[in-house]
Number of protein chains: 4
Amino acid sequence: MQFLSDNAAPVHPRVWEAMRAADAADTPYDTDALSRELDARFTALFGRECTAMLVATGTAANCLALATMVQPHGGVVCHREAHIEMDECGAPGFYLHGAKLLLAEGAGAKLTADGIAKVLAGITRGVHQVPAQAISITQASEYGLCYRAEELAAIRAIANDHSLGLHMDGARFANAAAFLGGSASEAAGDVDALSFGFVKNGGMGAEAIVFFDTEAAELARWRRKRAGHLQSKGRFLAAQVLAMLEDDLWLDNARAANAAAQIVADGAGDRLVHPAEINESFVRMDAGERAALRDQGFAFYDWDETCVRLVTHWASDHDDAHKLARAIAAL
Amino acid sequence: MQFLSDNAAPVHPRVWEAMRAADAADTPYDTDALSRELDARFTALFGRECTAMLVATGTAANCLALATMVQPHGGVVCHREAHIEMDECGAPGFYLHGAKLLLAEGAGAKLTADGIAKVLAGITRGVHQVPAQAISITQASEYGLCYRAEELAAIRAIANDHSLGLHMDGARFANAAAFLGGSASEAAGDVDALSFGFVKNGGMGAEAIVFFDTEAAELARWRRKRAGHLQSKGRFLAAQVLAMLEDDLWLDNARAANAAAQIVADGAGDRLVHPAEINESFVRMDAGERAALRDQGFAFYDWDETCVRLVTHWASDHDDAHKLARAIAAL
Amino acid sequence: MQFLSDNAAPVHPRVWEAMRAADAADTPYDTDALSRELDARFTALFGRECTAMLVATGTAANCLALATMVQPHGGVVCHREAHIEMDECGAPGFYLHGAKLLLAEGAGAKLTADGIAKVLAGITRGVHQVPAQAISITQASEYGLCYRAEELAAIRAIANDHSLGLHMDGARFANAAAFLGGSASEAAGDVDALSFGFVKNGGMGAEAIVFFDTEAAELARWRRKRAGHLQSKGRFLAAQVLAMLEDDLWLDNARAANAAAQIVADGAGDRLVHPAEINESFVRMDAGERAALRDQGFAFYDWDETCVRLVTHWASDHDDAHKLARAIAAL
Amino acid sequence: MQFLSDNAAPVHPRVWEAMRAADAADTPYDTDALSRELDARFTALFGRECTAMLVATGTAANCLALATMVQPHGGVVCHREAHIEMDECGAPGFYLHGAKLLLAEGAGAKLTADGIAKVLAGITRGVHQVPAQAISITQASEYGLCYRAEELAAIRAIANDHSLGLHMDGARFANAAAFLGGSASEAAGDVDALSFGFVKNGGMGAEAIVFFDTEAAELARWRRKRAGHLQSKGRFLAAQVLAMLEDDLWLDNARAANAAAQIVADGAGDRLVHPAEINESFVRMDAGERAALRDQGFAFYDWDETCVRLVTHWASDHDDAHKLARAIAAL
């Protein structure tokens with residue numbers, strides 16, 4: 001019984017269908033009919049004009065978005081435990097040509113206006129220090145916590161005060177939006193660019209970068225090509241994303257994943273390190289307990305010495321989730 | 001009737017099948033069962049030990065391969081009309097951190113030992129000039145011409161003499177191998193790394209980088225992750241490539257494409273700018289003639305002022321090819 | 001008798017004096033009194049507001065200037081034989097993070113509006129090609145030829161038409177200005193940034209980047225620091241440059257160098273490959289003739305198989321120049 | 001009375017003399033007689049074969065040294081308060097093409113084998129994380145503390161265990177060597193490359209990178225040129241450094257600076273935040289006390305809210321130092 005990663009989930013049947021339907025030859029490099037539909041669909045979803053671009057991974061999405069906001073000598077304020085800092089093998093250093101991540105603190109891997117302000121306050125020595133040029137937040141955070149509208153507004157305000165770009169890493173944006181009530185627009189707040197993840201949520205190999213700034217999108221087109229992320233058969237990526245947007249499949253899938261996680265979290269009770277807002281539970285557990293669960297056939301990730309991470313996804317079996325919940329409760 | 005690009009071709013049914021079969025959840029980031037099969041399959045194909053890695057595009061494959069051979073202050077000898085020079089938006093400059101393409105001449109966009117030697121002979125002023133560190137050749141070339149075994153050997157020899165890495169861009173490697181007699185090993189010669197293309201030949205979004213040098217492959221793993229080209233659901237890429245290798249589908253598809261092109265080329269006769277060795281015909285044509293063909297429903301790419309490019313692919317309709325051949329002959 | 005390079009020349013006595021006078025402790029990193037004088041002095045010289053920044057080498061000056069105009073995915077139109085292309089070990093690739101030099105033709109290593117237009121006309125395929133973002137010209141060119149006011153205006157016009165930045169490499173700007181009549185402003189035309197050389201003309205280790213665009217200058221400050229080119233004892237660089245500007249020493253030195261070259265050129269007569277406008281003569285000479293001159297004690301640089309380069313400088317002995325002229329005439 | 005920075009100090013008379021003596025024309029780009037002496041002189045000083053290269057700044061020295069040890073996707077373990085992390089505007093990100101600084105802890109800004117081991121222990125997730133490839137330590141540290149021989153040996157051991165390069169930032173290496181007993185070799189330990197500072201210690205604009213690894217030195221020559229740090233009149237940099245090495249001037253100057261600092265430190269007594277081992281004293285002081293000292297004519301740098309930094313140099317007036325000592329004691 002897999003609770004290892006939503007990256008391992010299968011592809012949703014409606015995504016498969018859409019891909020098959022895209023098989024007939026069409027023109028390459030995003031000049032096809034499906035790719036040309038993307039902007040309108042995301043504009044409708046967010047209720048404000050935007051430009052979307054697809055890439056194969058969240059790492060590429062994050063970095064291409066940030067590259068429109070940050071000069072090679074600049075810096076990005078992000079959380080000390082953000083994915084771009086911890087898990088992308090220095091990809092921001094590559095895509096941003098040596099720009100620096102400026103690490104901020106915040107409970108549950110969420111940035112706060114205060115945490116950001118503290119980092120900015122330390123930048124006082126002119127050309128001897130890297131200037132901040134953007135903020136990157138993760139919705140939901142590495143610990144599965146969601147930014148509320150007022151938190152997003154406070155961060156936007158500090159970004160404005162310091163003329164910083166604002167990027168959102170939304171690898172689990174759908175799960176966050178589902179938790180926050182289902183509005184993509186509210187979950188995104190007023191960011192300049194959003195990495196909107198689909199791969200963990202029923203897609204196969206397509207993530208969207210949604211730009212709310214036309215000029216930045218224009219710039220990103222060149223950078224995407226230059227990074228080898230403009231695919232010749234882009235129609236198959238577009239098909240995936242359009243299927244996910246159709247009839248709110250993205251939201252339905254996220255709700256299913258969150259619901260499965262809720263079952264697990266209920267079993268974990270006091271062991272939860274963070275409230276289980278989305279499809280992840282971080283559960284305090286010692287080595288013996290972990291072994292006991294694994295003996296019962298549960299697979300999961302050792303987050304650190306104090307806790308494990310249990311992840312569900314759109315296709316997670318709710319019976320398995322109940323079994324896991326009971327197994328934890330019984331520890 | 002499409003003769004625009006093999007990039008627009010559909011995905012082969014057996015590739016679809018293999019992808020569907022890979023749907024069941026497996027572990028992410030190339031730790032899945034299919035991805036772990038790749039090295040053995042390519043080793044069997046080439047008859048010498050190799051390591052394979054998949055990425056979404058040929059641009060990424062080319063650049064990640066070259067990045068294992070060239071330092072940021074180094075240079076890559078390539079043809080003045082090579083894809084990496086002309087069509088990748090400066091991707092080598094990005095992936096190689098500013099390294100330089102050192103442009104050589106050669107008929108039909110093929111490098112020759114002489115053309116390479118001439119470039120190397122011009123590098124004499126020590127640290128004031130970029131030193132050559134690799135050679136990149138394209139099999140088949142931008143004009144669809146294939147390197148014969150003895151040509152490859154001569155280039156390998158000059159690479160050895162100057163301690164240069166040797167890379168092969170094989171976006172249409174399958175078509176070249178089909179033309180040269182069907183041996184992957186002979187078509188690749190003794191290169192250090194090969195970008196083995198599948199997308200134009202029945203795949204969807206997977207190209208292989210085949211490393212014949214284990215250390216280089218190790219290095220490339222980090223660089224691939226850092227470039228956002230390690231996909232979490234890599235099993236779907238592996239499925240594509242394994243299906244293409246199974247029972248020589250890659251070769252069958254290439255043969256079909258080449259055969260269709262041969263039909264077109266026969267119609268073109270004296271108009272051919274280069275012999276049609278693979279699935280491309282470069283055909284001399286003036287503006288009026290192009291318009292005449294387009295009026296008859298043929299779509300194709302204006303290569304330059306003197307000629308058009310007519311491309312076939314694995315699924316090209318041979319009747320359409322005959323129609324095109326007749327239409328050209330009738331011009 | 002040295003005609004090898006103006007890079008080998010001694011430092012002018014007035015420059016030495018100014019450096020000694022700067023010895024008393026002052027605050028570091030260009031906050032000293034001398035460094036703070038630079039902008040005003042260059043503004044007075046050019047008759048329009050400008051910002052100046054000093055670095056140790058022309059390579060750093062060229063690249064930091066270009067880095068304010070060109071994105072990492074962009075291109076710089078320059079002459080096929082420009083110093084930035086031929087002699088800087090790929091420094092533009094480093095400072096511009098992989099941006100590309102787009103090579104244009106032109107007699108005597110001078111760009112023309114036509115040559116530039118031809119390069120620009122070849123950029124038609126959207127994101128598949130590197131977009132031009134700047135033009136770099138060299139005053140005087142690698143062959144010692146000077147751009148006239150109308151030539152500069154024509155290049156400015158094409159830059160404007162295509163929204164390109166315009167940079168001037170002025171390693172021998174002083175010699176060009178001396179030849180053109182002595183006006184710094186006329187010799188610079190309407191460029192956005194000028195690398196104004198002093199090292200070859202009586203300085204020791206200070207070159208100026210003169211920005212006619214305040215915002216670009218601001219950006220360059222960060223990039224200069226990041227490149228390790230902000231010197232803590234910048235007052236010694238400022239002292240050199242201020243001494244060179246004082247009472248037009250820069251112009252007097254350049255005139256002396258040009259005059260010495262004129263003597264040599266007169267002796268070379270028909271052998272001159274290019275008119276000797278500044279302090280360099282390119283003189284046709286076979287191997288035997290070169291040996292004969294060297295036997296007589298003349299040192300110089302073999303430019304290529306057809307000609308040698310004879311360079312004079314501010315302190316060149318005019319008697320030596322006459323000897324060389326006679327020796328060439330006697331060949 | 002200046003206690004602001006040793007960067008503001010005058011140039012030593014013997015350095016001036018040597019520079020003047022280098023004025024006669026010689027060949028450019030480090031082919032001159034003085035530059036060619038450097039390797040032998042440093043080899044004699046360190047008692048083991050080494051290759052030296054000069055650049056204008058410590059930032060360039062540090063980064064060029066590290067660039068020989070670290071790949072663009074790699075990391076450098078350094079102290080959280082190291083100069084390369086805090087004060088160089090992201091220069092390592094530029095020179096190392098996006099490589100990452102991996103921050104370690106340690107009292108007084110000194111790394112310890114334990115602190116390094118802790119960072120290395122956190123690197124466990126393969127290609128998802130930046131691999132450590134080098135360690136950079138600062139002799140003396142940002143707080144003026146010196147590594148003893150056994151501390152250097154322990155760090156070398158951990159570097160060997162993990163196949164990491166070892167770099168020493170020696171902006172105040174002379175002061176450290178003076179404190180540690182006067183042996184350059186002992187103060188450097190067994191590092192692979194040392195940035196040996198001269199500018200703060202009586203030089204003008206020359207810092208040495210000393211490579212104890214020939215291959216690394218060869219590589220660095222290209223990178224130096226590419227960074228615009230190969231000066232055409234390198235003989236003036238060589239003259240400075242040779243004069244500093246002659247008759248141990250570097251050591252005498254450092255001793256004088258350290259002695260002046262000792263006077264100040266004696267006055268500071270309990271207020272010292274760190275023992276004053278070299279030419280810097282970090283002295284606890286509130287805002288009122290700082291103002292009081294400034295009213296008496298003392299200039300210095302506010303390190304942070306708890307303390308000020310008082311720096312002496314080779315030419316510091318010992319009477320001024322006594323005055324400052326008394327003034328602090330009287331607070």
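Modeller: About 3,900 Å² is buried between chain B and chain A, counting the accessible area (1.4 Å probe) that the two parts lose on being put together, summed over both. Carbon and sulfur atoms give 61% of that area. Keep in mind that this is a predicted model, where local features need pLDDT of at least 70 and side-chain atom pairs count only at pLDDT 80 or more, while totals for chains, interfaces and linings use all residues. Side-chain values use heavy atoms, with hydrogens and water left out, residues are numbered from 1 along each chain as its sequence is written, and chains are lettered from A and ligands numbered from 1 in the order written.

Polar contacts do turn up: 27 residue pairs, both at pLDDT 80 or more. Such a contact is a pair of N or O atoms within 3.5 Å; within protein, one must be able to donate a hydrogen and the other to accept it, and residues adjacent in sequence count only if both atoms are side-chain atoms.

On the side of chain B that touches chain A, α1 (13-21), α3 (58-66), α5 (91-95), α10 (214-226) and α11 (235-245) of chain B each supply at least two residues; helices here are DSSP runs (H or I, at least four residues), numbered from the N terminus. The largest share, four residues, comes from α5(B).
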